[in-house]
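Here is a short tour of one protein model. Keep the sequence and the 3D view open as you read.

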Amino acid sequence: METKIFDHEKIAAAAALLRQGQLVAFPTETVYGLGAVINNETAVKNVYLAKGRPSDNPLIVHVASPEMVWRYARPNALAQQLMTRFWPGPLTIILPLRPDSLLAVVTGGLTTAAFRMPDNQATLTLIQETGIPIVGPSANTSGKPSPTTAQHVYHDLAGKIAGILDDGPTKVGLESTVVDLSVQPAAVLRPGYITASALTPILGEVETEQHHVAANEIPKAPGMKYKHYAPNAQVLIVAPALDFVAAVQATLPKATGSLGVLAFDDQLQQIAAAGYHVPEVTTFALGDDLQQAAQELFAGLRDFDDRPEIKTILAAGVPENGLGIAYMNRLKKSAGGQFFAFDPVGK
Ligand code: TXA
Ligand code: MG
């Protein structure tokens, strides 16, 4: 199958493909999603197949307006307030459903579903023109870092999907915050750009504890059960308080090939000033603030994936508050929880 690239002028053509049951990847403010109309069982099954994603992981229903949600979900005053405050935007809301309103292939057989109105005009137009909400898991091969450009999507899914609506790099770079309103108190199942403390003025107490999912349980948020964001190389997180140059120095003798370094601009300057350069060290810049780092994290991990000589990556950790909670949540998953540590003295 040829994978067509569509721009703003070709949204109607992309919508026509979706209506025919084809798969079209779409931009959002967070990451690119893999779209299929929610009422076509074969199309939704093909989303799982194209990604290689386990089919018990429920999908987000992407809508072009709050009104579209109420066709499927039961009325909910708190959700309405959240939508008024945060939509369009990077907040996914899980709600109890009206009976038999969505296919089981969308909900993973649950009586709840996740809804989101992305902050991207091309995609809002796409959903409006399609006339039906679209599912949208991140448009990457399952287990790999989420795509933040149309090129990332093409890299993973070319030949497997009908098209990609290209709107350039995404602004936020990390997937949406997922909040579950089907439980009391409400719970954040996946941290994102919109923090739990931003939700408390509307929701009051918000549970944020990540519960552990058993193998036979349906996962409530991605990464709870499955491998996520994992590049080919081993990632080691450099805690924010550590000296990054010393970490590079300590890791180089043990690293085969080139050592990947994913770090902030000032850290990269210090590493270069200390005399570490290509091919010993291959760098990717996270920019000079957390917002840019969140935007660039997946692109950096993907860039290193295209360089087989990189077997180890040192990646900059940040303090876990605000957006740092979401950044570290994704980075820890990509690292399998591993942090860089200096060898004990005398060994
Ligand atoms: O930013 C995003 O949310 C991106 C863009 C494309 O919109 N989408 C995304 O989708 O990250 P995905 O499928 O990778 O992550 C959504 C997660 C699912 O993996 C699932 O665990 C959780 O939301 N979810 C969906 N429906 C749920 C439900 N009914 N109950 C609990 N969790 C649910
Ligand atoms: Mg994903």
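The side chain of Asp156 makes a polar contact with the side chain of His155, at 2.9 Å. A polar contact is a pair of N or O atoms within 3.5 Å; within protein, one must be able to donate a hydrogen and the other to accept it, and residues adjacent in sequence count only if both atoms are side-chain atoms. Asp156 belongs to helix α7 (residues 150–157). Helices (H or I, at least four residues) and strands (E, at least two) are DSSP runs, numbered from the N terminus.

Is Asp156 buried or exposed? Asp156 is buried, because its relative accessible area is 12%. Buried means under 20% relative accessible area, exposed over 50%, and partly exposed in between (1.4 Å probe, protein chains only). Leaving aside neighbours within four places in sequence, Asp156 is in contact with Asn140, Thr141, Lys144 and Arg302. Contact means heavy atoms within 4.5 Å.

**Ground rules**

This is a predicted model: local features need pLDDT of at least 70, side-chain atom pairs count only at pLDDT 80 or more, and totals for chains, interfaces and linings use all residues. Residues are numbered from 1 along each chain as its sequence is written, chains are lettered from A and ligands numbered from 1 in the order in which they are written, and side-chain values use heavy atoms, with hydrogens and water left out.

**The whole chain**

The protein chain has twelve helices and 14 strands. Its C-alpha trace spans about 65 × 50 × 35 Å along the principal axes. For 347 residues, a compact globule would have a radius of gyration near 20 Å; the chain has 21 Å, which agrees. This radius is taken over C-alpha atoms, and the globule rule is 2.2 Å times the number of residues to the power 0.38. Buried residues make up 56% of the 347 residues. Take the contacts between residues at least 6 apart in sequence: 69% of them join residues at least 24 apart.

**The ten-stranded sheet**

Ten strands form an open sheet with mixed pairing, in the order β1-β8-β2-β3-β7-β4-β6-β5-β9-β10. β1 (4–6) and β10 stand at the edges with a single partner strand each, so one side of each is left without a neighbour in the sheet. Two strands pair if DSSP finds at least two bridges between them.

β9 and β10 form a hairpin with six residues between them. Val179 stands opposite Val188 in β10. Elsewhere, His62 has Arg116 in β6 as its bridge partner.

**Helix α4**

Which residues of helix α4 (residues 77–86) are buried? They are Ala79, Leu82, Met83 and Phe86. Seen down the axis of α4, these residues fall within an arc of 100°, so they line one face of the helix. The arc is that of the directions from the helix axis to the C-beta atoms. On the other side of α4, Ala77, Thr84 and Arg85 are exposed. The cover over the buried residues of α4 includes α3 (66–69), β5 (91–96), β9 (177–180) and α8 (196–203). At the start of α4, a side-chain oxygen of Asn76 reaches to within 3.1 Å of the backbone nitrogen of Leu78.

**The four-stranded sheet**

A second open sheet has four strands in the order β11-β14-β12-β13, with parallel pairing. β11 (234–238) and β13 (281–285) are at the edges, each with a single partner strand, so one side of each is left without a neighbour in the sheet. In β14, the bridge partner of Val261 is Leu314.

| Strand pair | Sense | Bridges |
|---|---|---|
| β9 and β10 (residues 187–190) | antiparallel | three |
| β4 (residues 60–62) and β6 (residues 112–116) | parallel | three |
| β12 (residues 258–263) and β14 (residues 310–316) | parallel | five |

**Helix α10**

In helix α10 (residues 265–273), Gln267, Leu268 and Ile271 are buried. They cover an arc of only 100° around the axis, which puts them on the same side of α10. On the other side of α10, Gln269 and Ala273 are exposed. The buried residues of α10 are covered by elements including α9, β12, β13 and β14. Just after α10, Gly275 takes a positive phi of about 95°.
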